[in-house]
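Here's a friendly walk through a protein fold, piece by piece. Keep the picture open while you read.

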Amino acid sequence: MSEVQLFTDGACSGNPGPGGWGAILRSGAHETEISGGARNTTNNRMELMAVIEGLKKLKRGVTVAIYTDSRYVMDGAAKWIIGWKKTGWKTADKKPVKNEDLWRVLDVEMARHQIRWNWVRGHSGHPENERADQLARSAIPSRTQAAG
């Protein structure tokens, strides 16, 4: 099984507001950049979308080292999701899990791969995190697009 590195980030202009996500997939010397946006979203949804879309790009099961500056995504995917599934997607205080739709998709995508989570400090000069951030920011729909 080969290893793929996945560097992800999400960004929002206002929270909620127009947002974007960006991801860089690297396998050996090969790199692919992907990004997308939404007119009305949250930062956490964009962080989740970056990981989901990155994993969806992989055609077969591989080992994936995911690099994110989002503790929400990393802790949710590595720890909290197990309990959420057991409790019918409810939090410890019996409230519905926020972004359940995306967590369910992420759960399916993660099941296809061996995942290794890596947290990186955002905006600290990590080259790929900075690039993923730029991809995410560039994908945010403009205010005029967002209004339409």
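Where is the place of Trp89? Trp89 sits in the loop between H2 and H3, and we'll come back to that residue below.

## Before we start

What you're looking at is a predicted model, where local features need pLDDT of at least 70, side-chain atom pairs count only at pLDDT 80 or more, and totals for chains, interfaces and linings use all residues. Residues are numbered from 1 along each chain as its sequence is written, and side-chain values use heavy atoms, with hydrogens and water left out.

The helix and strand names come from DSSP runs (helices are H or I with at least four residues, strands are E with at least two), numbered from the N terminus.

## The sheet

Let's begin with the strands. There are 5 of them in an open sheet, ordered E3-E2-E1-E4-E5, and the pairing is mixed. Two strands count as paired if DSSP finds at least two bridges between them. At the edges are strand E3 (30-41) and strand E5 (114-119), each pairing on one side only. Ignoring direction, neighbouring strands of this sheet are turned by 20 degrees against each other on average. Angles here run from 0 to 180 degrees between N-to-C directions, and axes are lines fitted to C-alpha atoms, for helices over the stretch in contact.

Now zoom in on strand E2 (residues 17-27), which runs antiparallel to E3 and is joined to E3 by 10 bridges. Gly20 has Gly37 in E3 as its bridge partner, while Leu25 is partnered with Thr32 in E3. E2 and E3 make a hairpin with 2 residues between them, and Gly28 in that turn has a positive phi of about 60 degrees.

## How the helices pack

Helix H2 (residues 71-86) packs against helix H3 (residues 100-111) at an angle of about 95 degrees, with the axes 11 Å apart. H2 and H3 are therefore roughly perpendicular to each other; the cut-offs are under 35 degrees for roughly parallel, over 145 for roughly antiparallel, 65 to 115 for roughly perpendicular, and oblique for the rest. Among the residues of H2 that meet H3 are Tyr72, Ile81 and Trp84, and their H3 counterparts include Trp103 and Met110. Contact means heavy atoms within 4.5 Å. H2 also lies across strand E4 (63-68) and E5, running at about 145 degrees to E5.

Helix H1 (residues 43-56) meets H3 too, this time at an angle of about 25 degrees, with the axes 10 Å apart. That makes H1 roughly parallel to H3. By class, the contact of H1 with H3 has 10 nonpolar, no polar and 4 charged residues (Ala, Val, Leu, Ile, Met, Phe, Trp, Tyr, Cys and Pro count as nonpolar, Asp, Glu, Lys and Arg as charged, and the others, Gly among them, as polar).

## A salt bridge between helices

The structure holds 13 salt bridges, each a side-chain nitrogen of Lys or Arg within 4 Å of a carboxyl oxygen of Asp or Glu. One of them brings together the side chains of Arg45 and Asp101 (2.8 Å, N to O). Arg45 lies in helix H1 and Asp101 in helix H3, so this pair ties together parts that are 56 residues apart in sequence.

## Two backbone details

Most residues other than glycine have a negative phi, and most peptide bonds are trans. Back to Trp89, then: its phi is near 65 degrees, a positive value in a residue other than glycine.

A cis peptide bond joins Asn15 and Pro16, with omega about 15 degrees. You'll find Pro16 in the loop between strand E1 (3-12) and E2.
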